[in-house]
Amino acid sequence: MDSVWEYRGLLLQGTIVTVQLALASLALSVLLGLIGASAKLATNTTSRGVANAYTTLVRGVPDLVLMMLLFYGGQQIVNDLGSATGLWDYVEINQFIAGVWSIGFVFGAYMTETFRGAILAIPRGQIEAGISCGMAPLLIFRRITWPQMVRHALPSFTNNWLVLIKATALVSVIGLHDLVWNASTAGRSVREPFTFMFAVLIIYLILTACSDVGLRWLDRRYNVGVDRA
Amino acid sequence: MAEQERTFFEYLAYISENHSPLDFMLVADHIDKFFYGALLTIEITVLALLIGGAMAIPLAVARAYRHPWLNGPIFGFTYFFRGTPLLVQTYLVYYGLAQFDFVRESFLWGPILSNAWWCALITFSLNTAGYTTEFLRGAIENTPKGEIEAAQACGMSPRRMMWRVVLPSAFRRALPAYSNEVIFMLHSSVVLSTITLQDILGVGRWLNGRYYLAYEGFITAMIFYMILVFFISKGFRFWEKRWLGHLRPRDTANT
């Protein structure tokens, strides 16, 4: 245990990278989820088709495969496109960006399903009432759809977040110096891999426990006006 | 037949050399390796699901009925395995156990604990047991009260009621969640490639590393995984129709 304490700085740095990665991917996945959900609920057949293809693809392919494809192949595509169109110069895709895009892309598909279900749970009459009051679409979204959507989406959102935070461990495989990478390097150098991996597991448990507290607070906040048995 | 096959490969080679950014020929040459990789992926996934599932049934029963001194430890077990990444759990077993002298000196070390295949199987089984226990517990707790009362009225002993009424009905209700768990386990099995095993992704990484490629190995791996997931969800849809037919909304008469 002393050795873990000795390397606390390295572990803390890794934890910060992991948390940053998780939050950035979460933001991207929420954005993609909102776009995907509105595409799935649209009347346009093309947008529905694209959104369905997206969720089917993600359900079929493990996240690490996408991550590696993006990390090793994405760089080449982006730069080929850039030089072909002349729109951008050399772009470097580092491990962090590859991680954010692939995790965000994968969880965007799960968020799509979450938000779609949540929007469908809002009674249609409320939106019609908003229209008849003369509200603009954006105002309807802000005042009627969003607050209730968050409430319906929270349980499934919580679940997605807990899976997402665990998925960040995979980024160590493509070499990002996150918590897992730092800990396994330190563990090898002091020949105590078990101790260090165990410390990583404990840190992950602490992270999920912390987010549990935060999400429960959100749950209470968005359920203020609701009677619960 | 042989003639046709050769022309197909010639065509493939022609496309690969002249038009496509992807080298189909190279993948076609090594496709047998991908099939062996798929075999390993399926082998570990299926074995882990069987072992983990068998472990989960007694654990879920103990949790559902709040066994006085087993409930707490089982919850600790499932919380630990559900709250942490499978990758780190696997590292802990495969790389970590060698830290202890008593493990390396025990008779299990040579055949089992120094072997990547066994370490993966042990970790995956425990992991899926953790997840399965929790949703099976939920399904058992949601058994309709009438079914239990009917069983009691028939004079069934608690053990017989368990086997004849509670578990069969809980398994059916857990089926949709279980199909997710199976797909999730298949996706998680990519961890195998990080502990030196040649699963589907492992073969893809090997191919890309050997020929210094960026796409071919990963895209082939992607297609293999998609085909597997397709068959799994087809299978579960069939079983759901079969075992959950009574829960489906009835077809309304055409008006």
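Please keep in mind that the model is predicted. Chain A has 9 helices and 0 strands, and 29 of its residues are in contact with 28 residues of chain B.

**Chain A overall**

- Read from the N terminus, the elements of chain A follow the order α-α-α-α-α-α-α-α-α.
- Along the principal axes, the C-alpha atoms of chain A fill a box of roughly 70 × 55 × 30 Å.
- Chain A has 229 residues, and 38% of them count as buried.
- Among contacts in chain A with a separation of 6 or more, 77% join residues 24 or more positions apart.

**Where the chains meet**

- The contact involves 28 residues of chain B and 29 residues of chain A.
- On the chain B side, helix H5 (86-96), helix H10 (158-188), helix H11 (200-211) and helix H12 (216-243) each supply at least two residues.
- H12(B) gives the largest share of that side, with 8 residues.
- Sorted by class, the side of chain B that touches chain A holds 21 nonpolar and 7 polar residues, and no charged residues.

**Nonpolar cores**

- The largest nonpolar core has 86 residues, and A:Val65, A:Met67 and A:Val200 have the most contacts inside it.
- Helix H5 (residues 95-120) of chain A gives the most to this core, namely 12 residues.
- Another core lies apart from it and has 12 residues, including B:Ala129, B:Leu136, B:Val166 and B:Ala174.

**Helix H9 of chain A**

- Helix H9 of chain A covers residues 193-222, 30 residues in total, and its first and last C-alpha atoms are 43 Å apart, close to the 44 Å expected at 1.5 Å a residue.
- Its buried residues are A:Pro193, A:Phe196, A:Met197, A:Ala199, A:Val200, A:Ile203, A:Tyr204 and A:Leu207.
- Within chain A, the buried residues of H9(A) pack against helix H1 (2-6), helix H2 (8-41), helix H7 (137-167) and helix H8 (179-189).
- From chain B, helix H4 (71-83) and H5 also pack against the buried residues of H9(A).

**Helix H10 of chain B**

- H10(B) spans only 38 Å between its end C-alpha atoms, whereas a straight helix of 31 residues would span 45 Å at 1.5 Å a residue.
- At B:Leu175, H10(B) bends by about 55 degrees, and the proline B:Pro176 follows within four residues.
- The buried residues of H10(B) include B:Val166, B:Ala170, B:Arg173, B:Ala174, B:Tyr178 and B:His187.
- Those buried residues of H10(B) pack against helix H3 (45-60) and helix H4 (63-85) of chain A.
- In chain B, their partners are helix H3 (31-64), H5, helix H8 (116-141) and H12.

**A closer look at A:Leu32**

- A:Leu32 sits in helix H2 of chain A.
- A:Leu32 counts as buried because it has 20 C-beta neighbours inside 10 Å.
- Not counting residues up to four places away in sequence, A:Leu32 touches A:Gly104, A:Phe105, A:Gly108 and A:Met111.
- A:Leu32 and A:Tyr110 are 78 residues apart in sequence, with their C-alpha atoms 9.7 Å apart in space.

How values were computed: Residues numbered from 1 in each chain as written. Chains lettered and ligands numbered in written order. Predicted model: local features only at pLDDT ≥ 70, side-chain atom pairs only at ≥ 80, totals over all residues. Contact = placed C-beta atoms within 7 Å. Nonpolar A, V, L, I, M, F, W, Y, C, P; charged D, E, K, R; others polar. Core = buried A, V, L, I, M, F, W, Y, C linked by C-beta atoms within 7 Å. Expected span 1.5 Å × (residues − 1). Bend = angle between axes of the 7 residues up to and from the residue.
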